[in-house]
Every structure is written in structure tokens, then in C-alpha cells.
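Subject: Structure handover

Hello,

Please find the structure below. My notes on a sheet and a cavity follow it.

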Amino acid sequence: MKPKTDDELVFLPLGGSNEIGMNFNLYGYGPADDRKWVVVDLGVTFGDQTTPGVEIILPDPEFIEEHAEDILGIVLTHAHEDHIGAVAWLWPRLKAPIYATPFTAFLLREKLRDAGLLDEVSITEVPLSGSFDLGPFKFELITLTHSIPEPNGVAIRTPLGTILHTGDWKIDPDPMLGSATDEAAIRRLGDEGVLAMVCDSTNVFVDGEAGSEAGVREAMTPLIAGLKGKVAVACFASNVARMDTIIRAAQAAGRKVCLVGRSMHRMAAAAQSVGLLKDLEPFITDDQAKYAPEDQVLFLCTGSQGEARAALARIADGSHPHVRLGEGDHVIFSSRVIPGNEIPIRNLQNKLADRGVRLYTERDHPGIHVSGHPCRDELKQMYQWARPQIAVPTHGERRHLLEHAAFAKDLQVGQAIAPRNGDMVRLAPGHPSIIDEVPSGRLYVDAGVLTPENGEALKERRHAAFNGMLAVSIVIDGRGRIASGPQVRAIGLPGDEEYPLEDAMDDLAEEAEGAFKRLEGASREIDEQVEQALSRAVKRAAYRIWERRPVVETTVLRL
């Protein structure tokens, strides 16, 4: 297939560029008015203290939703939440066939089943190192190593050149589960000629190499063997190689393994469905673990990031129905601290320590965790293998992307461009450049409802979380006089011995009463005008008292 004179090859990130997580990448081919698109990954990110009540955040598909009929397929590189977690939420807006390897497909089907979409979505399982065509795009999966089974880079061949989209990766010569990085396939691509490499930037500031999973096994086995009492290990459930390491280390120490947390059970089932986690003793149940001798059980737990509803958080709170840890017990954190999770992890660890539990982290035992993303030496190696003409950093914050672009140029890559979400990059023909900026943003999953990033409900919740809330009520009789109140109640506002909160409420009630009495007779008959007058008066008085602007809700009742 030869390119037409007006054909273009474009790359458009709508998530995952200028941030770590929420990966959502588009490739387009054809003339500007008739492009065909493919989606590579469709993931989520997670809420924090700035999004009270919101745990899951999705990329906004507004732009590509308008071109949904031109989407040829959704290709998933691997099964981490920041790469597949948005599929069940956003697929009804895109309705394109999905392509994934067996492990990823297993987990995706579970998500789609929960969403009631399993019978609607077309999923094509692609074998490792498999290939398939979608219109002008010819895909070849490249086996890489990462912290989850079946991670894939994607070679995307088009009439205007070949792209290597790495997804998440590292170079692990001894990954313990799965195959090592397919160096030969990447070298072959380099020999054919790679137009652009769209590449992971997570660890671009870290010198050296990420380290091998084999090293974790060497560190974990003697650590677990030397512990007495109950032992719990927290890790990412998706890191099946780490699960395998911990399980084998436990068995070598004479301990039975109890999986704690839904994600652990789900990942174990997915792994076993593709032939992983083999030749292991059967897991024991929660009830069996209750009665096992303390030195003969190991709890493999979710919750290494301090997630409030995960297993380890409930253990730390003493609210888990089956698992109790205390004096003389041990918790190993076989994970890193994801930026933004420092506070919940610290709180979790403090609760465990207060129970007498001894903690082990990568800071005091560096060998018990390695990253799943490439450090500088691995990035250098990848560029030497692939030899792209253009470097396109992704999967990083702004500082990561710009450093990656500079590093690529230091490695003699001819051109580098670091787009933000929404930047449409023309890769060919001609020099790479940003040719358009399209809508991009976030959608919040708020109480099961998709809401805009700056939706009114979350604005009000943030405002109330910082400033507190005041509820004003007044009862007016048929003659327009006060029959009861005004009464004022506070939520989230302070008082002290010198000025108790009750006194502040009385003062605010007086302000509200004064505002009502200043209203003209006709205005007293209109609820909205009464509410507005009382709310304004109470807000002004509240600012004088607390230098805060609380949310004020005024209720008018009439006899």
C-alpha cells in the first residue's frame, strides 16, 4: 500500500503525557478530513486529597468519540489499571473491537462482566509475538519485561513508516516468569528502520538499571526464612512474578500462603489461566489461616499503597474479619511508594507499628523491590537497538518528558518531540511537529456517575472540605414575621474556650435575623430573596469570625 499525497501519520496522546498513569494514545492515518484511528491503551488514574470522594479518574474521550466510526480497534499493551482500567467505562462511547494477549484479555473480561458489557464487546486474543492488521496499520507484538505478565511493545507499520510503541517496560534478563525482552525482534525493527519510538519515561532521572526480579527472590527468601510469628507481605497484585517469589519463599520457610484481598485472588486466577503460578502448594483459606500455627502461615495482601478499603488497611485498623497482626508479627512492603501516596502509606505504617508490628520496606531492605520501568542505562540500550529517527517520550510528568527528549538527543536521535495531552503530532511526512491541539481532560467517577473534571458537585465538596458548612433555617408566619429562628448549625468549623462554637452560632443567628428585618415587606414573601439575604449576611459574619467562606445553605419554612 503506497501513501497518497495528502496522507499523514499522526500521534495523539489524550492521557499519559504530562502525567504518570491514565494512558490513552491514538494513532491516525490518512488525510486530515478522512483519518482512520487506532487506540493504544485506555487506562485510569486515581484520586487523591484534591478529589474528595473520587477514587477513579478517566481520560476524557470527547475528541475521538466524535470520530468513533473511524476507530479500527483498541490495542492493549498489558493489564495494569493505568492501561486498561477505563475500557469498561468508555467502551460504550467508542464501540471498537479490542485486541489483547490472553492474560490481559482474562482480566478485561472480568471487568466487562462486572459492567454488564461482556456480551457486547468483541475481544480478539492475540498470541505473544502475534501480529494482525487494522486497515493501514499492521501490528506486531514485541515481548518485553515489566511488573505484570505479558507486557508488550507494539510495532505499528504504516505506509509512511514504522512506530515502536513501547508501553511499560524494563530490561530484565531473568524475569522469573515469562520470557525475557525480545532483543532480536527490536534489533530487526531497527534494521528495517523505525520512524519513531513512543517510549516510557518514568525512571528517566534514575541512573543505572531497574534491577531483576531474580534479585528480589534472592533477598526475599532469607528474609522470610528468618522471621518468627505471623508474616504478611504487601505487593502489587498485578506483579505475578513477585507473587510467585513470595509464595516460593514462604514455602521454603515452611509457611502456607493465604491470599488476602480480592485483587490477589483475581490475579492468581488470571495467572493460572495462562499457565503461571505452577507447581505450588494450594493456598489456604482465611478460616484455615486462623487456626494455623503463627510460624506456618504467610498472608499475601493487597494495600501496599495505603488504599483505605484494601486488606492491609483493614488489618492495620483491626477491622479485618479474619487476619489479626500484633506484637511479634511482621509486614514486608515489597513495593515502592507511588508519588501522591506518601501520606496514606505513612498513616498505614504508623498504625501497624502502633500494634507492635515490625515493618520492612525497600528503604531498609533495598533488595525486596525493583521497579518495572527502565532507568537510563536501559533507555540507552533500547535506543541502540531500535535506532529511531524520532523520539516521542510519554508516560511521564512534564519534567520526565523533557529530560527524556534531551537524553534521546544526547544518544544521537535526530529529532525529539515531547507532546502534552491533546497535542496532535504529525510524525510523517516531513519533520515531526505539533499540528493541532484537541480537547483533552478528565472525567471523574463520582458515586458511580461520570462527571466533568470541574463539575459543580466536586467544586462544592472541595469548598466545603476546606471552609466548612453552615445550615441556616427560619420559619415565617403568614404575616411575614419570624415564627421561629433563625437557627444556625455548623459542620467543620471550630470553637474554643474564649469563643465557643455555640456563641458563634448565636452571633450568626443574630446576623441572619437582622438581615431578615432589613428586607422590605414584599421581599419577605419571596423565598429566594430571603435565602439570599440571610446567606450573604451569615457568610460575611463567618469570614469576620474564621476568615473562611463556608458553604451556607438557608432553608425557609412558611406557616
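Two strands pair if DSSP finds at least two bridges between them; helices (H or I, at least four residues) and strands (E, at least two) are DSSP runs, numbered from the N terminus. This is a predicted model, in which local features need pLDDT of at least 70, side-chain atom pairs count only at pLDDT 80 or more, and totals for chains, interfaces and linings use all residues. Residues are numbered from 1 along each chain as its sequence is written, and side-chain values use heavy atoms, without hydrogens and water.

**The sheet.** An open sheet of mixed pairing is formed by 8 strands, in the order E8-E7-E6-E3-E2-E1-E21-E22. Strand E8 (123–125) and strand E22 (433–437) are at the edges with a single partner strand each, so one side of each has no neighbour in the sheet. Inside the order, strand E3 (residues 36–42) pairs with strand E6 (residues 71–75) in the parallel sense, over 4 bridges. Valine 40 is opposite valine 75 in E6.

**The cavity.** A cavity is a set of points on a 1 Å grid over the protein atoms alone where a 1.4 Å probe fits but cannot get out; lining residues have an atom within 4 Å of a point. Grid points are joined across faces, edges and corners, and a volume is the space filled by probe spheres set on the points. The count is 1 cavity of 30 Å³ or more. The largest cavity holds about 60 Å³ of space. It is lined by 13 residues, and Asn23, His165, Gly167, Thr394 and His395 are the closest to its centre. Strand E13 (residues 196–200) gives the largest share of this lining, 3 residues.

Regards

How values were computed: 1 Å grid on protein atoms, 1.4 Å probe; cavity = no way out; pocket = protein on both sides within 12 Å on 5 of 7 lines; lining within 4 Å.
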